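Please keep the sequence and the model at hand while reading.

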Amino acid sequence: MIPTATTNDNDNTQPRTINADFGLATCNPREGAARTPGGLAPDDGGAANGTGQDGIRRDTHKAKSAARRGRGRVRVATLNMNGFGRTLADGSTDKWLGINQVMKDHRLAILAVQETHLMEDRVQSLNRLFESQLLIVATFDESSPTAVGGTAFVLSRRFLREQEPRWDVLWPGRALAVTVPWTAEKTLTLLSVYAPNDPAKNASFWCALQEHYGNDARRRRPDFLLGDFNIVEQADDRLPQRSDNGEAVGQLQKFLSSIRVSDAWRRTNEGVRIFSYLQVATGSQSRIDRIYVSARLLSAVADWEHTPPGFPTDHSIVVCSVANYKAPVLGRGRWSLPLHLLEDPEFVATMKAIGIKTQNELTGICMRTDVVNPQTVFHSFKAELVKAARTRMK
């Protein structure tokens, strides 16, 4: 039996349910309902890299001219984190502390994570811990949330700018859609998936998602489809090279066609080989972690990276950025002293020493010159203080 998607045609915010016949929980009304904490609804808008002699790409795609980058450019990524991680005293885990660092290191606005092994109390604990920095929305298989599957979005609070996203569980533990504010006039819709590994279940999963979107013409198609697909579309994306199950690949491609998205990295890297997953036991590799992009945004996507995340997992993080070319290009802004340093005893002592030295230099000025005057002394004071602050922050 192929899973089916059902919707309530009279109310677009009613629970949307996909029934499965292979051990995944049915979406319940509490989790399946479209969520709008801040009342934000999605709009209808939208329409040479280094390679080894063996043709396998090993470095990351470097950014284009920084002059093009403004706050209208958003960095998006996907990562299979391979489990919740080791629990620490503060309620976090080594992996979620790693996720927080990944968000900073890659300057991410949105990160889709799979194989999260989250449940409701874990999500609440993480949101309390990272309250000022991140918002985590998740779905999980309620039959065994801490052992099987799970997918989530990690959203930067700085990117959200106090606006709330809207999210919708399409398949508990397997498929989660989120719509986030982008500019004053636009939103982005992303669909994170963690597809089953079994070929037959994988094929049924894509068939169900296709029916889910096809049953309601009002439902917005995703701008990004990203996650762990557990299959590849072409043999070159596996090492050793081989083709995947034909039925599963066919159903995936039908779904991609129905929501009008394409493999953005592959379109600009024909013939290049890169892998995101290493099976340690056999040494085989594959590019099962991918980001698909809608046709209207293909030309705006750049800055691709495939790199290890910096904490234990057998997957690489896949990163790209998307530009809103109508947005004004803004500078990096003015550096300011982090307020927490004003309560740091070591830095306060350093600051006093620099201040006393500056005061003595000002008192000792006997004759004003172009080189020695209060303005140049004060300039040196500021430069030395900034240097001390940055050194202390390290």
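Against which helix and which strand do the buried residues of H3 pack? They pack against helix H2 (94–105) and strand E5 (134–139), where helices (H or I, at least four residues) and strands (E, at least two) are DSSP runs numbered from the N terminus. The buried residues of helix H3 (residues 120–129) are Val123, Ser125, Leu126 and Asn127; buried means under 20% relative accessible area, exposed over 50%, and partly exposed in between, with a 1.4 Å probe and protein chains only.

The model is predicted, so that local features need pLDDT of at least 70 and side-chain atom pairs count only at pLDDT 80 or more, whereas totals for chains, interfaces and linings use all residues. Residues are numbered from 1 along each chain as its sequence is written, and side-chain values use heavy atoms, with hydrogens and water left out.

**Nonpolar cores**

In soluble globular proteins, nonpolar side chains tend to be buried together. A nonpolar core is here a set of buried Ala, Val, Leu, Ile, Met, Phe, Trp, Tyr and Cys residues joined through side-chain atoms within 4.5 Å. The largest such core has 34 residues, of which Ile110, Phe153, Val180, Leu190, Phe224 and Val322 touch the most other members. Leaving aside neighbours within four places in sequence, Leu190 is in contact (heavy atoms within 4.5 Å) with Val76, Ile110, Phe153, Leu176, Ala177, Val178, Val180, Phe224 and Leu226. A second, separate core of 24 residues includes Trp171, Trp206, Ala208 and Leu252.

**Helix pairs**

Two packed helices are described by the angle between their axes and the distance between the axes. Axes are lines fitted to C-alpha atoms, for helices over the stretch in contact, and angles run from 0 to 180 degrees between N-to-C directions.

| Helix pair | Angle | Axis distance |
|---|---|---|
| H8 (residues 345–363) and H9 (residues 374–393) | about 165° | 10 Å apart |
| H5 (residues 199–214) and H6 (246–259) | roughly 20° | within 8 Å |

H5 is therefore roughly parallel to H6, and H8 and H9 are roughly antiparallel to each other; angles under 35 degrees count as roughly parallel, over 145 as roughly antiparallel, 65 to 115 as roughly perpendicular and the rest as oblique. Among the residues that meet are Trp206 and Tyr213 in H5 and Leu252 and Phe255 in H6. The residues of this contact of H5 with H6 divide into 10 nonpolar, 4 polar and 2 charged, with Ala, Val, Leu, Ile, Met, Phe, Trp, Tyr, Cys and Pro counted as nonpolar, Asp, Glu, Lys and Arg as charged, and the others, Gly among them, as polar. The contact of H8 with H9 has 10 nonpolar, 3 polar and 5 charged residues.

**Backbone and loops**

Most residues other than glycine have a negative phi, and most peptide bonds are trans. In the loop between strand E4 (110–114) and H3, Glu115 has a positive phi near 50°, and Glu115 counts as buried at 17% relative accessibility. His117, found in the loop between E4 and H3, has a positive phi of about 55° and is buried, with a relative accessible area of 14%. The peptide bond from Leu239 to Pro240 is cis, with omega near 0°, and Pro240 lies in the loop between strand E11 (238–239) and H6.

The C-alpha atoms of Val280 and Asp314, 34 residues apart along the chain, are separated by 7.8 Å.
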